[in-house]
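Hi everyone, thanks for coming. Let me put the model up on the screen, and then I'll walk you through a few spots in it.

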Amino acid sequence: MRAPAADIAPALLVLGVALAVLPFVSFSAWVTLTVAGLAMGMMVFIMASGLTLVFGLMDVLNFGHGAFVTVGAYVAMLVLGPLAAWTGADSLVPNLSAVALAALAAMLATGVVGLAFERAIVRPVYGQHLRQILVTLGGAIVVEQLLAVAFGPDPMAVPMPEALRGSVVAGDIAVEKYRLFAVVLGLSVFAAMFLVLDRTRVGLLIRAGVENGPMVEALGYRIRRLFVAVFMAGSALAGLGGLLWGMYREMLTISMGADVLVTVFIVIIIGGMGSVGGCFIGALLTALVANYAGFLAPKLALASNILVMVLVLLWRPAGLYAVAKR
Amino acid sequence: MALVRALLSEDIPRSRVLVALLVAVLMGLAVAPFAFGGARALNTAATICVFIVLAASYDLLLGYTGIVSFAHTMFYGIGAYGVGLALSYMGATWWAVFSGLATSLVVSLALALAIGLISLRVRALFFAMITLAVASVFGVLASQLSDFTGGEDGRNFQVPELLRPGHHFVEGELLGRAIDGRLLTYYLVFAAAVAVFLVLLRIVNSPFGRVLQAIRENDFRAEALGYRTVAYRTIANCIAALAATAAGALMALWLRYVGPKTVLSFEVMTDILLIVVIGGMGRMYGVVIGTALFVLAQNYLQAVMGRAAEGLSALPWLARALHPDRWMLWMGLLFVACVYYFPSGIVGRLRGRQE
């Protein structure tokens with residue numbers, strides 16, 4: 001959960017990686033790459049944060065999490081389609097309100113899908129890891145295929161709002177606007193999560209539940225109910241991530257969630273399963289390394305996530321911020 | 001009878017229906033080239049042989065040891081690519097087949113050992129995630145390093161002279177079938193599949209296999225009894241990987257082609273999972289029945305679905321759901337239902353109270 005204040009080594013590592021690359025590339029390229037990495041990291045963080053909390057709280061690893069990402073992206077597209085007049089307008093306010101509406105719809109829809117998924121798929125196999133993996137995977141396949149039935153199997157284009165297109169240019173440095181948008185949004189999600197977890201009573205219970213669930217239950221709190229709420233919130237975040245990810249690629253495919261799930265898993269392993277802070281740092285680390293590697297050594301970039309994971313696990317075998325009970 | 005018992009490692013099917021089904025599958029596969037005409041039927045039979053090996057080795061992990069791996073297609077792919085690339089670069093000789101197979105077995109063993117040692121000490125979940133990550137990276141590498149692997153298109157290659165369809169051993173036909181290299185390839189695949197299956201059956205019924213099942217039931221207790229669970233799990237992982245590699249090599253010989261779609265895609269992985277779950281986890285015979293049913297359904301039921309979809313054009317939603325491309329929808333539903341309601345699969349059902 002929240003890292004002890006003294007343990008800033010992982011954060012320094014991210015900074016160190018970013019600075020270590022600086023001598024090898026021009027400054028303008030470095031800025032572009034770093035912003036791209038940060039944007040990618042934020043999107044992955046938004047998708048991964050719910051998964052790591054769900055795992056930390058109830059020991060449930062949901063292989064269907066990727067399906068929520070896809071559902072979110074498709075629902076957002078359903079909303080953005082009719083709002084073409086808003087997204088096409090060349091001014092910020094209608095653009096952003098269209099995106100906000102789409103995000104709201106995506107989060108609502110994935111929250112509801114998450115609730116149904118928890119009821120139908122996760123609950124009956126509670127505490128049985130093997131069947132849990134199989135059933136959540138099967139559930140994800142069914143959800144994906146239902147999307148294919150509803151929308152057709154072919155990739156679909158998503159309109160990117162006008163105001164988020166193009167780049168901000170300063171001297172010879174160019175940064176895509178959409179990436180800045182993703183960074184800002186990701187930081188606000190992280191800040192909001194931090195505030196909820198650190199400053200509210202619910203957050204206190206969640207953190208306590210991750211550390212020691214039976215004790216929280218013994219104190220009279222219904223940890224199951226808490227879990228369902230966290231599961232829904234996590235699904236909603238995955239939906240938001242799906243919107244961002246879909247607009248970033250400007251293309252939706254049925255398998256987009258399953259594709260990104262691998263990265264999400266690597267990130268939550270690196271972060272220390274159950275730790276939101278670790279998940280944040282892990283997402284930034286993998287995304288930055290992937291971007292730098294893609295520029296400096298394209299062939300290496302294909303395996304960069306795995307390499308980062310292996311190196312991190314050699315350094316800290318339980319992940320960057322190991323959760324106490326594991 | 002004693003010979004049969006010895007071959008089956010004293011693990012007799014214990015159900016009359018099951019015996020009948022197993023004999024039917026075995027006989028069907030043994031006479032397939034003569035009994036069912038046509039390239040498609042033979043292709044289906046060869047696929048069943050290869051998938052029995054592939055799924056049986058997966059059952060060693062999932063059903064007997066209780067660990068979920070998503071890297072099984074990776075090992076399958078290593079076997080297929082090993083033989084395929086060796087044949088296309090070194091020429092169509094037996095030497096290429098064997099060196100390709102040997103190389104891929106060594107690579108698989110090393111990878112399985114590395115993955116096992118890194119992640120099997122932790123927990124089932126961790127292993128599942130790490131194997132998924134490694135397998136997906138391997139899949140990306142195979143399609144990206146296109147100069148070497150042929151990329152998305154894969155590679156076609158020639159097999160050794162003896163195995164080519166153009167090679168006739170005798171003039172004329174026997175029971176309406178030319179005695180050619182294709183026939184020899186089929187029986188090579190069939191014999192190898194039977195042999196590997198019997199070896200796997202022997203392994204799960206050995207004292208080693210009993211320890212694996214003890215670990216599945218309660219790893220803490222197995223550890224307390226003095227078994228080094230990490231070592232056992234790792235060895236099981238390595239054996240399964242080697243068998244999957246062998247299956248991949250057989251598939252490459254049969255198809256004379258390797259490509260990421262046929263041997264590395266996640267669909268193959270879900271197929272294996274489905275076969276093992278439908279047949280019955282932790283029951284080697286279940287794999288045989290499951291594979292036969294699944295591959296037959298995959299090859300013939302999809303056509304039925306297509307026709308049903310056309311007939312239902314009045315109900316567009318249902319028609320789209322029944323489209324052959326939505327095959328996975330029904331498989332996914334079946335899969336979830338099986339995990340919930342028939343965790344012991346077909347074989348568990350057939351054995352009924354005896355289990």
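**A walk through two chains**

Let's start with α3(B), where 21 of the 27 residues are buried, so this helix is largely enclosed by the rest of the structure. By buried I mean that 20 or more other C-beta atoms, placed from the backbone, lie within 10 Å of the residue's own; 12 or fewer makes it exposed, and in between is partly exposed. Helices here are DSSP runs of H or I, at least four residues, numbered from the N terminus.

A word on the source: this is a predicted model, where local features need pLDDT of at least 70 and side-chain atom pairs count only at pLDDT 80 or more, while totals for chains, interfaces and linings use all residues. Residues are numbered from 1 along each chain as its sequence is written, and chains are lettered from A and ligands numbered from 1 in the order in which they are written.

Back to α3(B), residues 39–65: it reaches 38 Å from its first C-alpha to its last, close to the 39 Å expected, that is, 1.5 Å times one less than its number of residues. There is a kink of about 35° centred on B:D59, taken as the angle between axes fitted to the seven residues ending there and the seven starting there. Just after the helix, B:G66 has a positive phi of about 75°.

Next, two single residues. Setting aside neighbours within four places in sequence, its contacts are B:L22, B:V25 and B:I52.

Over in chain A, A:Y178 lies in α7, residues 177–199, and counts as buried with 20 C-beta neighbours inside 10 Å. Beyond four places in sequence, A:Y178 is in contact with A:M160, A:L164 and A:Y248.

How values were computed. Helices (H or I, at least four residues) and strands (E, at least two) are DSSP runs, numbered from the N terminus. Two residues are in contact if their C-beta atoms, placed from the backbone, lie within 7 Å.
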